[in-house]
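Please read the notes below beside the model. They are set out as numbered points, one topic to each.

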Amino acid sequence: MLEELSNLPKLPSLGSIRKMSSIARREMKAGFLFISPWIFGFLAFTFLPMIATLIFSFLDLKITDGIFSTPKFVGFDNYVQLLKDPQAGINPAKWFESKTPSSLLITIKFALFSLPVGIFAPLLLALLMNNKNLRGQFIFRSLFYMPFVVPFVASVFLWGGMLNPESGWINRFLEYAGVPNESLPQWANDVNWVYPTYVIMGIWGVGNAMLIMLAGLQGVPTELYDAAKVDGANPWSIFWNITFPMISPVIFYNLILNIVGLFQYFLVPLVVNNGTGRPGGATLFYNLYLYKTFFTFQDMAYGSTLAWFLFLVILLVTVVLFSTAKYWVYYAGEARS
Amino acid sequence: MNKNLRSGISTFTITFIVLAILGVYLSPFAFMVFTSLKTREQISVVGAPIWPAATPKFEYNGKQVDVFTVSVGKCAGFDPNSTATKSLALVAKGRQESTFVDPKDPAKGEFTCQVSWRALERPWTLSPTWENYTEVWNTIDYIQKVGNTLFYAVVSMIGTVISCILVAYGFARFRFPGRDVLFIVLIATLFLPAAVTIIPTYSFWQRLGLVGTWFPLIVPHFFANAYNVFLFRQYFMTLPRELDESAMMDGAGPFRILWSLIIPQSYPVIIAVVVFHIVFAWNDYFGPVIYLSGAKDKWPISYALSTFNGIYGQQPQLIQAGALMAVLLPVILFFVAQRFFIQGIVVTGVEK
């Protein structure tokens, strides 16, 4: 899906449309007719709301304002407020000024913690599944994917129950394994354990990525492996010189989805800790702060400012990742420069 | 070492490793089932097994007394060399010596054994409770919640399937200027954070007075989405164009070609989109939490379940029973349609 994004085609010129034959014009009309539901939906539910969000960020606007009240234009006031806001934390100089940790800092910390799991856990599972000595690969593949269809709230409750400090199986197991009672982790209630808790609660997400990576692994031509074996390559160099480059598009796809998802992380803390930021403000993620600004404090203007900033950050990160792609992502059929 | 033997050992090792990982990975399902079959008391008993267990009680002189497993060799009136055990009712607790009666032979009367009652095992028996399910069923009005969810899933599924087929057909079969740019814009929307559109969109529905109705959740599905358009388009592009072209020569219009040539060949991908969408709608939490949190009679199952955290905070058995009732449909649907699921995911993730 991503290769389309890395090779931007040229925009058509108006002159080329004028030169079209009548058959080509009919084809053009039919094409636009068929894609018109999406064009309309894109304008109504994506493009115009994005522009509106941008405009809101320059106004003073509350959701309680009447329909006919004229909102006040405040220039960059909201952005100045954003720079000064220690809770949002977009200005690293303010990171340690607020009583609770800054939301952006929390988000980055958690992303750094969670991203390796989101990439390597499915990769390792896929490599295990792809092992030629494994029997029952199809059954395992289905069973590892299956929890992905469990409703998000239910999977949070299931893992939440497993991680309950008193009645959960994980602490019972740790106790049985000899961990003394006073050093059993308090999981979601402990500042130091809450991020591992969230990672465990999200672990069922790896089923999807595993399936995609496994399909990528199965698509690697076996001749490449045979040739490497003839040359006497060791498994490590086979992995880095054949397997990894061949599945790099799949890893890239998962990396992008993971990062974009982690910047927007907020549903788990919303369900587990009721969006309160407990324990100790460690779970007031950036996106959660944004939603609270809008839905709880009803501040449309500042909420929109936070949203545009988030959008710009995600855009920047994706553009940077795409620009690195040509150095390490290998698309078959393309010469690698 | 013999080659067959060696490959047999590595098969055994790797299969064992994968089975062990799978066991841990799926263990929350067992936790859910076991916990949902317990009573609140069974959860808090120290030393109880993980499955729903109870110890038999024995009524002795009008009192309920606990039954323990005692090695009879330590008891007065039994052969001291015996290693057999018996389930005995504990009448008087003691550190070195406790008094018991035999529930099977109460006429024998009380006797003492040289055991500390604290060190004794209990004869746990399986004792599941089904009341948690009925309690959840009644408290959240399960039928209504499932009805709501299915309504949302089916209506929005119809919208998604129709609109995505039309749009994908447009992208797959017609040449028009700007097509490739528009397709890239479509794919790029996958990576767009919802936050950047939600504030005006919510305000829009609110001004129309439609927050708390199905409209904000269902209407957008009638305007296609990137994921499913991509799936349909990839599939349509694999269908041979020659048939389309000869039908066109015979005077068939584009709608006719779509309806009588493309769609009949596309059942696998249509089924994949239908099951994906039903699972998506069944599990959707973000939409309902934003638009329906104030309208209890319209809550879908996922949102109703999330309210359990508040109402049943100290009642894990009810939370797990509710989770089980929310998990069943998507899991069954997955096992029935897994071929289509797996194919669909592979297409979006690997094809370029």
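The points that follow go from the model as a whole to its chains, domains, strands and cores.

1. Basis and confidence. This is a predicted model, in which local features need pLDDT of at least 70 and side-chain atom pairs count only at pLDDT 80 or more, while totals for chains, interfaces and linings use all residues. Residues are numbered from 1 along each chain as its sequence is written, and chains are lettered from A and ligands numbered from 1 in the order in which they are written. The predictor gives an ipTM of 0.87 and a pTM of 0.87 for the complex. For chain B the mean pLDDT is 88, with 99% of its residues at 70 or more; pLDDT is the predictor's confidence in each residue, from 0 to 100.

2. Chain A overall. Chain A has 15 helices and 2 strands; these are DSSP runs (helices H or I, at least four residues; strands E, at least two), numbered from the N terminus. The C-alpha trace of chain A spans about 75 × 75 × 35 Å along its principal axes. Of the 337 residues in chain A, 39% are buried. A residue counts as buried if 20 or more other C-beta atoms lie within 10 Å of its own, as exposed if 12 or fewer do, and as partly exposed in between, with C-beta atoms placed from the backbone. Among contacts in chain A between residues at least 6 apart in sequence, 63% join residues at least 24 apart; a contact requires C-beta atoms, placed from the backbone, within 7 Å.

3. Domains of chain A. Chain A is divided into domain 1 (3-56) and domain 2 (75-328), the bounds coming from an automatic or database domain assignment. The C-alpha centres of domain 1 of chain A and domain 2 of chain A are 34 Å apart.

4. The contact between the chains. Chain A brings 83 residues to the contact and chain B brings 81 residues. On the side of chain A that touches chain B, helix α3 (residues 22-56) of chain A gives the most, with 18 residues. That side of chain A has 60 nonpolar, 19 polar and 4 charged residues. In this classification Ala, Val, Leu, Ile, Met, Phe, Trp, Tyr, Cys and Pro are nonpolar, Asp, Glu, Lys and Arg are charged, and the others, Gly among them, are polar.

5. Domains of chain B. For chain B the assignment gives domain 1 (3-44), domain 2 (56-123) and domain 3 (133-350). The C-alpha centres of domain 1 of chain B and domain 3 of chain B lie 33 Å apart. Between these two, 8 residues of domain 1 of chain B are in contact with 7 residues of domain 3 of chain B. α1(B) gives the most to the domain 1 side of this contact, with 4 residues. By class, that side has 3 nonpolar, 3 polar and 2 charged residues.

6. Ile43(B). Which helix holds Ile43(B)? Ile43(B) is in helix α2 (residues 40-44) of chain B. Ile43(B) is partly exposed because 18 other C-beta atoms lie within 10 Å. Leaving aside neighbours within four places in sequence, Ile43(B) is in contact with Ser167(A), Thr35(B), Lys38(B), Pro316(B) and Gln317(B). Ile43(B) and Gln315(B) are 272 residues apart in sequence, yet 9.3 Å apart in space, C-alpha to C-alpha.

7. Strands of chain B. Strand β2 (residues 57-60) of chain B pairs antiparallel with β3(B) over 4 bridges, where pairing requires at least two DSSP bridges. Glu59(B) stands opposite Gln64(B). β2(B) and β3(B) form a hairpin with 2 residues between them, and Asn61(B) in the turn has a positive phi of about 50 degrees. Strand β3 (residues 63-71) of chain B runs antiparallel to strand β4 (residues 85-92) of chain B, with 5 bridges. Phe68(B) has Leu88(B) as bridge partner, and Val67(B) has Ala89(B). β4(B) is joined by 3 bridges to strand β5 (residues 98-101) of chain B, also antiparallel. Leu90(B) stands opposite Phe100(B), and the hairpin of β4(B) and β5(B) has 5 residues between the strands.

8. Nonpolar cores. A nonpolar core is a set of buried Ala, Val, Leu, Ile, Met, Phe, Trp, Tyr and Cys residues joined through C-beta atoms within 7 Å. In the largest, of 152 residues, the members touching the most others are Leu310(A), Val167(B), Ala168(B), Val229(B), Phe232(B) and Ala323(B). Helix α4 (residues 142-173) of chain B supplies the largest share of this core, 11 residues. Apart from this core lies another, of 13 residues, among them Phe58(B), Val67(B), Leu90(B) and Val115(B).
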